[in-house]
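Subject: Handover of a structure and the findings from it

Dear colleague,

Please find below the structure that I am handing over to you.

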Amino acid sequence: MDGEWIRVGNVADIDEDDTHPVEIDGRRVCLYNLGGEIFATDGTCTHGDADLSLGMVVDSCLIECPLHEGTFDIRSGRAVGAPCTDPLRCHPVKVEQGVIFLRPAH
Ligand code: FES
């Protein structure tokens, strides 16, 4: 079951094509600004214990893991580039008057 909407920050705090780490219930989550649209995924790579917020957004929609350079599609969580094979969990986000709300997916 999905949880409540949680306020996690402001759109203005995240540069375009950049990442922003947040912690929710002790869990690492990563926010992204893709051309002005906000997305959220789990913040830990599914291949190892790497903080994806330290990775780079490439090709306008992929996050490249800082540890072994595997990639995921930020919009779907799909593992795109080796060595990543397991998808990333995505979290629904909404923006109201520049404020980002996230509903943690389980
Ligand atoms: Fe992310 Fe290996 S830990 S690609």
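The side chains of Lys94 and Glu96 form a salt bridge, with 3.5 Å from N to O. The term salt bridge is used here for a side-chain nitrogen of Lys or Arg within 4 Å of a carboxyl oxygen of Asp or Glu. Lys94 counts as partly exposed because its relative accessibility is 30%, and Glu96 is likewise partly exposed, with a relative accessible area of 41%. For these classes, buried means under 20% relative accessible area, exposed means over 50%, and partly exposed lies in between (1.4 Å probe, protein chains only).

Before going further, please note that this is a predicted model, in which local features need pLDDT of at least 70 and side-chain atom pairs count only at pLDDT 80 or more, while totals for chains, interfaces and linings use all residues. Residues are numbered from 1 along each chain as its sequence is written, and side-chain values use heavy atoms, with hydrogens and water left out.

Salt bridges

How many salt bridges does the structure hold? There are five.

One of the salt bridges joins the side chains of Arg27 and Asp42, at 3.7 Å from N to O. Arg27 belongs to strand S3 and Asp42 to strand S4 (residues 37–42), so this pair ties together parts that are 15 residues apart in sequence. Strands (E, at least two residues) and helices (H or I, at least four) are DSSP runs, numbered from the N terminus. Arg27 is partly exposed at 26% relative accessibility, whereas Asp42 is buried, with a relative accessible area of 14%. Arg27 and Asp42 are also linked with Arg89 in a network of salt bridges.

Another salt bridge is formed by Arg75 with Asp73, whose closest N and O atoms are 2.9 Å apart. Here Arg75 is partly exposed at 47% relative accessibility, while Asp73 is buried, with a relative accessible area of 7%.

Strand S3 and its partners

Strands of a sheet pair through backbone hydrogen bonds, either parallel or antiparallel. In these notes, two strands pair if DSSP finds at least two bridges between them. Strand S2 (residues 18–24) pairs with S3 in the antiparallel sense over seven bridges, and Pro21 stands opposite Cys30 in S3. S2 and S3 form a hairpin with two residues between them, and Asp25 in the turn has a positive phi of about 50°.

S3 and S4 also run antiparallel, joined by six bridges. Cys30 stands opposite Thr41 in S4. These two strands, S3 and S4, form a hairpin with two residues between them, where Gly35 in the turn has a positive phi of about 60°.

Is S3 mostly covered or mostly uncovered? S3 is mostly covered, with six of its eight residues buried. Asn33 lies in this strand, which spans residues 27–34, and Asn33 counts as buried because its relative accessibility is 3%. The side chain of Asn33 reaches the backbone nitrogen of Gly36 at 2.7 Å. Leaving out residues up to four places away in sequence, Asn33 touches several residues, among them Val11, Ile14 and Ile38; contact means heavy atoms within 4.5 Å.

The open sheet

An open sheet of four strands has the order S5-S6-S7-S8, with antiparallel pairing. Its edge strands are S5 (56–58) and S8 (79–81), each of which pairs on one side only. Strand S7 (residues 71–73) pairs with S8 in the antiparallel sense over two bridges, and Phe72 stands opposite Ala79 in S8.

The annotated span and the start of the chain

The unreviewed UniProt entry carries the annotation "domain: Rieske" for residues 6–102; UniProt positions are in the numbering used here, feature names are shortened, and annotations may be inferred rather than shown by experiment. The end C-alpha atoms of this span lie 5 Å apart, and the span is 0% helix and 47% strand.

Gly3 is placed in the segment before strand S1 (6–10). Gly3 is partly exposed, with a relative accessible area of 27%. Apart from neighbours within four places in sequence, Gly3 is in contact with Arg103, Pro104 and His106. The C-alpha atoms of Gly3 and Ser53, which are 50 residues apart along the chain, are separated by 23 Å.

Yours sincerely,
A colleague

Technical notes. A polar contact is a pair of N or O atoms within 3.5 Å; within protein, one must be able to donate a hydrogen and the other to accept it, and residues adjacent in sequence count only if both atoms are side-chain atoms.
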